[in-house]
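Please write a short report on the structure shown here, for a reader who has not seen it before.

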Amino acid sequence: MPGHTFIIAPDTPGLGDRMDKFLATSLPDLSRSRLQALVKEGAVLLNGRATKPGHLLAAGDRIELTIPEDKPSHAQAEDLPLSILHEDDDLCVLNKASGMVVHPAAGNPDGTLVNALLHRFGALSSIGGVTRPGIVHRLDKETSGCLVVARNDFTHEGLTRQFAGRETTKIYLAVVQGVPPIKSDSIKTHLGRNPANRLQMAVVPENAGKYAHTDYQVICLTGGNSLVRCTLHTGRTHQIRVHLKHLGHPLLGDETYSRPARQTARVPRLMLHAWQLGFTHPRSNQLLHFTAPIPPEFEGFLPPGGL
């Protein structure tokens with residue numbers, strides 16, 4: 001396996017830079033996203049220890065990079081149904097089904113969206129690693145709706161920059177328990193792991209989590225519950241689910257943050273749908289906007305005439 005070693009001297013260009021920036025400048029054949037992934041995988045050692053992409057380099061630092069040999073994805077192609085909204089040589093936008101896991105992980109080695117995509121396209125971008133090829137962003141297992149996948153590294157990097165820079169449009173539909181007293185508002189908090197339950201995220205103090213911003217608007221009331229449109233300005237784990245619970249109105253069917261058996265409306269799934277997604281195509285620079293059909297489980301909560 002090829003490797004590189006760098007010793008940071010007081011006159012080394014890049015002294016004080018982030019680790020990933022220094023490596024991207026020193027190794028132009030490797031993209032910054034690929035180098036960040038190598039750091040996270042432990043292929044980069046700083047003074048003999050694992051490090052982070054954002055580490056600021058100081059004089060005397062020793063960087064050792066080992067580039068693993070290329071290997072095929074651990075995920076295997078499977079002929080599974082997909083609902084494609086758009087595809088071209090660079091990317092694919094699809095309507096993910098509720099109940100489908102996005103990529104293989106412990107407990108879900110197959111039957112995932114990645115398995116289905118490998119069957120359809122054969123190869124995807126490599127930046128996500130061997131178990132997450134092509135995956136730029138994710139949806140929870142029980143969340144349905146719009147998701148974009150990169151078919152090559154150029155597209156993956158371009159889409160990643162847009163998601164990180166909050167340059168995408170992400171609009172969700174959610175059905176919540178009860179009726180929020182304020183019909184349209186912004187929720188701005190910090191989210192972090194719930195110290196009392198590691199399976200949950202929670203609203204935490206500013207110094208204990210990441211900034212999260214959701215705009216919401218109540219669209220329709222049905223049987224004492226509400227259909228809510230949510231616009232995401234950040235993309236934190238479980239953001240909508242935690243923010244609406246923080247308001248006192250958890251999502252219907254959310255087994256992680258509520259007790260569905262005690263909710264007034266019984267639903268067969270988590271009532272969250274990634275309805276609309278907009279971004280700029282990394283190669284053509286064309287502004288694209290997609291809408292995923294509203295699932296039938298939402299029909300009883302829609303206004304007369306639909307949306």
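## A walk through the model

N285 sits in the loop between β13 and β14 (287-291). The model is a predicted one. N285 is not a glycine, yet it has a positive phi of about 65°. N285 is exposed, with a relative accessible area of 60%.

R166 is another loop residue, placed between α4 (153-164) and β8. Its phi is near 60°, a positive value in a residue other than glycine. R166 is partly exposed, because its relative accessible area of 47% falls between the cut-offs of 20% and 50%.

G248 also takes a positive phi, of about 95°.

| Residue | State | Relative accessible area |
|---|---|---|
| V114 | buried | 0% |
| R166 | partly exposed | 47% |
| N285 | exposed | 60% |

**Helix α5**

How many of the eight residues of helix α5 are buried? Six are, so α5 (residues 239-246) is largely enclosed by the rest of the structure. The buried residues are Q239, I240, R241, V242, H243 and L244.

**The cores**

The largest nonpolar core has 30 residues. Y172, I240 and L251 touch the most other members. At least two residues of this core come from each of β6, α3 (113-121), β7 (144-150), β8, β11, β12, α5 and β13. The largest share, five residues, is from α3.

**Helix α1**

Helix α1 spans residues 19-26. Its buried residues are M19, D20, F22 and L23. These cover an arc of only 160° around the axis, so they lie on the same side of α1. Their cover includes the strands β1 (3-7), β2 (44-46) and β4 (62-66), along with helix α2 (32-40).

**V114 in α3**

V114 belongs to helix α3. Is V114 buried or exposed? It is buried, with a relative accessible area of 0%. Not counting residues up to four places away in sequence, V114 touches A75, V102, H103, P104, T131, P133 and I135. V114 and G134 are 20 residues apart along the chain, and their C-alpha atoms are separated by 8.0 Å.

**The second largest pocket**

The second largest pocket holds about 160 Å³ of space. How many residues line it? The lining has 16 residues, and S83, N95, K96, A97 and S98 lie nearest the centre of the pocket. Strand β6 (residues 91-96) gives the most to this lining, with three residues. By class, nine lining residues are nonpolar, five are polar and two are charged.

Key. Residues numbered from 1 in each chain as written. Predicted model: local features only at pLDDT ≥ 70, side-chain atom pairs only at ≥ 80, totals over all residues. Heavy atoms only, no water. 1 Å grid on protein atoms, 1.4 Å probe; cavity = no way out; pocket = protein on both sides within 12 Å on 5 of 7 lines; lining within 4 Å. Points joined across faces, edges and corners; volume = space filled by probe spheres on them. Helix = DSSP H or I, 4+ residues; strand = E, 2+ residues; numbered from the N terminus. Nonpolar A, V, L, I, M, F, W, Y, C, P; charged D, E, K, R; others polar. Buried < 20%, exposed > 50% of the residue type's maximum accessible area, 1.4 Å probe, protein only. Core = buried A, V, L, I, M, F, W, Y, C linked by side-chain atoms within 4.5 Å. Arc of directions from axis to C-beta. Contact = heavy atoms within 4.5 Å.
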